[in-house]
Amino acid sequence: TLRTLLLALSRRPAIGTAMDRLPFTRRLVRRFVAGSSPADALRVIGELDARGLMTAVTYLGENVVTPADADQATRTYLDLLGEIEQRRLSCLPSLKLTHLGLDLGEERCLANLTKLLDRGAAAGIRIWIDMESSAYTDRTLDLYARVRPRFPDVACVVQSYLRRTPADVDRLVGLGATVRLCKGAYQEPPTIAYPDKRDVDAAYRHLTERLLADDARAASVYPGFATHDERLQQHAITTA
């Protein structure tokens, strides 16, 4: 129920903005969103960095519908990369391809992504390509494979709730990729994603073992595990 609510709110930014202004809902919003501007985000990142914590930063706004919006998102990420480098923050941008214009054409998205990867490589900052709904899985993985020969440090994300993910992970192992495993948060039909949390968790454990298997290590796969579930965290630690 909470996931359904949050997904609905994510498609109605005006509601989220209003909630951020009201004292009794602002605390809830700020658990998930650092603020409404890059300055807000950098302040929070700086506070966490001072505590010795690594961070990732995402500029919300997927599925842009105009080239101007895609270009503006690209400029915002370029500015963030500059600030991260200048302030020497242990922070990695994590972006969605539809925010860079994937719905407007792969070449436009690729041009914007390449600008960011060039800037990240110059600063020694790894960039994560986040995963979106299943409608974008193939395009995301294909574009990732396309840029990786030039940018070997670029990283991608896979979702354990998708039934297809074991095959996707095998493909990424073959590339020697940097991979972050998460559970997945989009609403998908049961033919595409596991509807039962137990099955999602079981898939997460299996994929954790796959990403830490001997052949994955031999291929120099760099895995990351994103979950609040302490049992799954412990499984990753024990397996490693």
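How much space lies in the second largest cavity? The space in the second largest cavity amounts to about 30 Å³. The model is a predicted one, in which local features need pLDDT of at least 70 and side-chain atom pairs count only at pLDDT 80 or more, whereas totals for chains, interfaces and linings use all residues. Residues are numbered from 1 along each chain as its sequence is written, and side-chain values use heavy atoms, with hydrogens and water left out.

**Cavities and pocket**

On a 1 Å grid over the protein atoms alone, a cavity is a set of points where a 1.4 Å probe fits but cannot get out, and a pocket is an open set with protein on both sides within 12 Å along at least five of seven lines; lining residues have an atom within 4 Å of a point. Grid points are joined across faces, edges and corners, and a volume is the space filled by probe spheres set on the points. By this rule there are two cavities of 30 Å³ or more.

The second largest cavity is lined by M131, T137, V158, Q159, L162, T165 and D168. At least two residues of this lining come from each of β4 (155–159) and α8 (165–175); helices (H or I, at least four residues) and strands (E, at least two) are DSSP runs, numbered from the N terminus. By class, the lining of the second largest cavity has three nonpolar residues, three polar and one charged. Here Ala, Val, Leu, Ile, Met, Phe, Trp, Tyr, Cys and Pro count as nonpolar, Asp, Glu, Lys and Arg as charged, and the others, Gly among them, as polar.

The largest cavity holds about 40 Å³ of space. Its lining consists of T58, Y59, L60, G61, E62, Y77, L95, K96 and H99, of which four are nonpolar, three polar and two charged.

In the second largest pocket there is about 400 Å³ of space. The residues lining this pocket are L48, R51, L53, M54, T55, A56, L92, R126, W128, R180 and Y222. Seven of them are nonpolar, one is polar and three are charged.

**Helix packing**

Two packed helices are described by the angle between their axes and the distance between the axes. Axes are lines fitted to C-alpha atoms, for helices over the stretch in contact, and angles run from 0 to 180 degrees between N-to-C directions.

| Helix pair | Angle | Axis distance |
|---|---|---|
| α5 (residues 67–87) and α6 | about 5° | 10 Å |
| α6 (residues 106–123) and α7 (residues 137–147) | about 50° | 11 Å |
| α9 (residues 197–211) and α11 (residues 230–239) | about 20° | 9 Å |

Angles under 35 degrees count as roughly parallel, over 145 as roughly antiparallel, 65 to 115 as roughly perpendicular and the rest as oblique. α9 is therefore roughly parallel to α11. Contact means heavy atoms within 4.5 Å. In this pair, K197, D201, Y204, R205, T208 and E209 of α9 meet R231, L232, H235, A236 and T239 of α11. The contact of α9 with α11 comprises three nonpolar, three polar and five charged residues.

α5 and α6 are likewise roughly parallel to each other. Among the residues that meet are P67, Y77 and E85 in α5 and R108, K115 and A123 in α6. This contact of α5 with α6 contains eight nonpolar, four polar and five charged residues.

α6 is oblique to α7. Their contact is made by E106, E107, C109, L110, L113 and L117 of α6 together with L143, R146 and V147 of α7. Six residues of the contact of α6 with α7 are nonpolar, none is polar and three are charged.
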